[in-house]
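Student: Hi! Could we go through this one together, starting with a single residue?
Tutor: Happy to.

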Amino acid sequence: MQAPKALAFDVFGTVVDWRSSIAQQASGFVAQHLPHISPEQFADGWRALYQPAMAACRSGARDFVALDTLHHEMLQLLLAQHGLPAALQHSAEVAELALAWRQLQPWPDVPQGLAQLRQLLPVVTLSNANVALMVAMNRFNGLQWDAVLGAEVSQHYKPAPQAYLRTAELLHLQPGELCLVACHHSDLAAARACGLQTAYVARPNEYGGAPAPDRAAEQVWDFHANSFGELAEQLAAVL
């Protein structure tokens with residue numbers, strides 16, 4: 001197998017623990033306005049609107065909209081589903097909470113493991129996040145990337161082929177020279193269909209221990225690891 005020349009990372013779930021981070025940040029809001037559910041249930045409900053929110057952009061029914069905006073719209077929809085008043089949905093409190101995705105903590109293995117991987121190869125993000133979101137998140141959690149790339153750069157949300165191919169193009173690489181690192185089988189399957197190499201990193205607690213919704217898309221990936229450090233060892237052996 002040809003060794004990759006760069007690594008592109010899915011972020012939500014693969015790099016950062018969005019569920020625990022959102023639950024922690026939203027705990028006060030949930031206790032005040034939605035005491036009948038847990039902060040974790042709130043986080044799950046918000047995340048469940050993620051793919052539907054991007055669907056209109058993918059289909060062309062709507063022009064591309066940055067993920068920060070979609071997160072705000074998703075939150076408003078979630079509150080409407082719970083019967084909360086429109087005044088709250090359009091409040092400054094909710095607008096501020098919508099930016100909680102800018103403050104997500106990495107999984108414990110990530111800071112050291114990402115640094116090890118960066119010593120081996122260039123590391124870039126290939127996320128559905130917009131640039132301002134990613135910059136704010138990286139300043140919050142201290143992670144270092146060689147470039148922040150993703151949906152806003154390509155103007156396409158994964159798993160659209162343009163999201164993967166444009167990333168390779170910007171790095172002056174052929175698709176087969178770029179390896180996507182992700183914990184989502186569906187993301188990896190789409191990348192593989194575009195000719196990218198694939199590295200699966202298991203995150204069994206992404207959904208609080210519940211089965212991943214895309215487990216049916218599992219394949220035998222080019223690399224399979226349980227942490228970023230383990231992936232660094234595997235890549236060092238082939239470089």
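Student: Is E177 buried or exposed here?
Tutor: E177 counts as buried because its relative accessibility is 14%; buried means under 20% relative accessible area, exposed over 50% and partly exposed in between, with a 1.4 Å probe and protein chains only. This is a predicted model, where local features need pLDDT of at least 70, side-chain atom pairs count only at pLDDT 80 or more, and totals for chains, interfaces and linings use all residues. Residues are numbered from 1 along each chain as its sequence is written, and side-chain values use heavy atoms, leaving out hydrogens and water.

Student: Which side chain does E177 meet in a salt bridge?
Tutor: That of K5, at 3.0 Å from N to O; a salt bridge here is a side-chain nitrogen of Lys or Arg within 4 Å of a carboxyl oxygen of Asp or Glu.

Student: And is K5 buried or partly exposed?
Tutor: K5 is partly exposed, with a relative accessible area of 45%.

Student: How many salt bridges does that rule give?
Tutor: The count comes to ten. D10, K158 and D187 are linked in a network of them. Another pair is D44 with R19, at 2.8 Å from N to O.

Student: How exposed are those two, D44 and R19?
Tutor: D44 is partly exposed at 27% relative accessible area, while R19 is buried at 16%.

Student: New topic: which residues meet in a salt bridge at 3.1 Å?
Tutor: R166 and E169, N to O. R166 counts as partly exposed at 31% relative accessibility, and E169 also counts as partly exposed, at 48%.
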